[in-house]
Amino acid sequence: MTARVLVRSYLSPTLVLLAFDWPDGAERPDFLGFAIRRTPGFRGAATSWLPNRITFDGPPPDGRDSASNQSPIQKFMWWDARFGDIDRGRVFKYELFPVVGKPKELELVENARAILQVKIPKPVVGSIGTYFNRAVVSSQAFVSEFGRRPTGAKLERALAWLANGLQEAIPDFLEGSAPVEGAIYHLTDHEWVIPAFAVRRGETELVYDNTAKDGGTNAPAVAELDRVRFFPRTRARIMHDKFLVGQGPDGPVRLLAGSANFTTEGLTTQANVLHTFRSSELAALYRDRERLLREDPPLAALAQQAGWSKAIELDGARVRVFFPPEPKDSRRSLDAVVEAVEAATSSVVFCLFAPTDAPLRRALFAAGDEGRMMFGLINKIVPPKPSASHDAAWEAQTEIYHRSSTNKDTYSHDLFRKGSEPQGFWWEVASLPGDASRFPVYIHHKFVVVDAETDHPTIYTGSANMSGNSLHYNDENLLEIKAHPGLARTYLAEFMRLYEHYRARAQWNVWHAGRSATFRLSADSSWAKAAYAEGTPQARSRIAMLGAG
């Protein structure tokens, strides 16, 4: 009897991640992958096959798509991100077929077909809003739509495409006449954010970073926004918070917080997330923090008050917040993350700018060594140099470099290099004209998610970079969100989109640099061999993503 395809979805307001498996695939040497059909289809079509950008002969000409019923998907997960604002709240049907046979004689196994219906979530679900940007200038989709160096109106459309709705979160939060106060590291975006502050009717008070390292960054906005009352923060290494608190008649009622700086690049080309929370308790904690920071206290005074808040019930989840810095002999915030990672039963994923904390790195890597699904994505991996000094930051870079080189589970931002890109692909750009490329950062996230595919996940997210500086020397915020499966699966979906995007580039640059080889689909089942081999990372992820970890 033919086994049916197994499938599970992970949903974001802007994409659907599908994880799937075919139990019979391990025994079929002619298993060539999966074909996936979507209803409704793309651009008004009744149905469409999800596309592949690789065929049995290599990439299609000019970067065009090839339908998955002709060029099967040779992975056990795939995402669909072709959704617009009109699709939020709509239901889509996916049909998944195993594909067998030979490259010129494909057969879809109809009696193994799986059918799954999903409803695209809106950005705000219950009391929590979630906004992830695309942040992938280095993609064929971007270049085919906007070219390498868009300008004028095309650049404006490109920035909105990259922001992916994130650009609307801050202006929407600022609408109305109720008072707003907050703390902002960098405030430089003239596309959406500064104009929204300039026209708002309500009272606005902002603490801003005015430390020695970043003293002039915010000066233009402070001079321009004469209706905003600003408070300079000078007595920290950096004031790294980015949050806003909205007031109601009886006090704080809503909060906006996350990793995104209020800059054009923070909203577009740097991978980031912002959340909104409708919770008077949580908003009050952030309001109290802002009012403390506006007095510009010394770090030592702040550190003496550091600690986890009490748990707040929100949409069935439990939420706590920690405001570093901590005393130099304390690490209660990061130890909570380490303990959660060590207690993982199924998986750990991390997406971090610079994870320099050694106990956290050891715990993350140990999770993979002990059989959990473990994936990581960071901004930059630097190869070790024999003459390098052994400070904490360098040790983090070299340790992650060795880990990714041997285990293929941690990757960094990377591009196809000019002159060595695969045949049929473009070499890529990392930046855009103007403010969108002011700072060369690509992976700016600061999140760790434990057991995301289970019913008991834990999310750590916020402004803190999981580093010594964020622990002891910066003004930061770190959120712990427990028991919110829907939100954790959104994080996992958005993580895998970025991870697979940059993983392909990094692997190509390491394995194929200077060669004329190209990407091609396998003509037999060899593509799936590792995924069906017991104990491999590929097998662990195949099983875990279906919720069977």
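**Figure 1. Aspartate 315 is placed in the loop between β20 (312-314) and β21.** The model shown in every view is predicted. Phi of aspartate 315 is near 55 degrees, a positive value in a residue other than glycine. Most residues other than glycine have a negative phi. The relative accessibility of aspartate 315 is 40%, so the residue counts as partly exposed.

**Figure 2. Aspartate 451 lies in the loop between β25 (446-450) and β26 (458-462).** Here too phi is positive in a residue other than glycine, with a value near 55 degrees for aspartate 451. Aspartate 451 has a relative accessible area of 3% and is therefore buried, as buried means under 20%.

**Figure 3. A cis peptide bond joins threonine 39 and proline 40.** Omega of this bond is about -5 degrees. Proline 40 belongs to the loop between β3 (31-39) and β4 (48-49). Most peptide bonds are trans.

**Figure 4. Proline 324 and proline 325 are joined by a cis peptide bond.** For this bond, omega is about 20 degrees. Proline 325 sits in the loop between β21 (317-322) and α9 (332-342).

**Figure 5. The second largest pocket holds about 850 Å³ of space.** Its lining is made by 33 residues, and Lys213, Phe353, Ala354, Asn465 and Asn469 lie nearest the centre of the pocket. Two or more lining residues come from each of the elements α11 (392-407) and α12 (468-472). With five residues, α11 gives the largest share of the lining. By residue type, the lining of the second largest pocket has 13 nonpolar, 14 polar and six charged residues.

How values were computed:
Residues numbered from 1 in each chain as written. Predicted model: local features only at pLDDT ≥ 70, side-chain atom pairs only at ≥ 80, totals over all residues. Heavy atoms only, no water. 1 Å grid on protein atoms, 1.4 Å probe; cavity = no way out; pocket = protein on both sides within 12 Å on 5 of 7 lines; lining within 4 Å. Points joined across faces, edges and corners; volume = space filled by probe spheres on them. Helix = DSSP H or I, 4+ residues; strand = E, 2+ residues; numbered from the N terminus. Nonpolar A, V, L, I, M, F, W, Y, C, P; charged D, E, K, R; others polar. Buried < 20%, exposed > 50% of the residue type's maximum accessible area, 1.4 Å probe, protein only.
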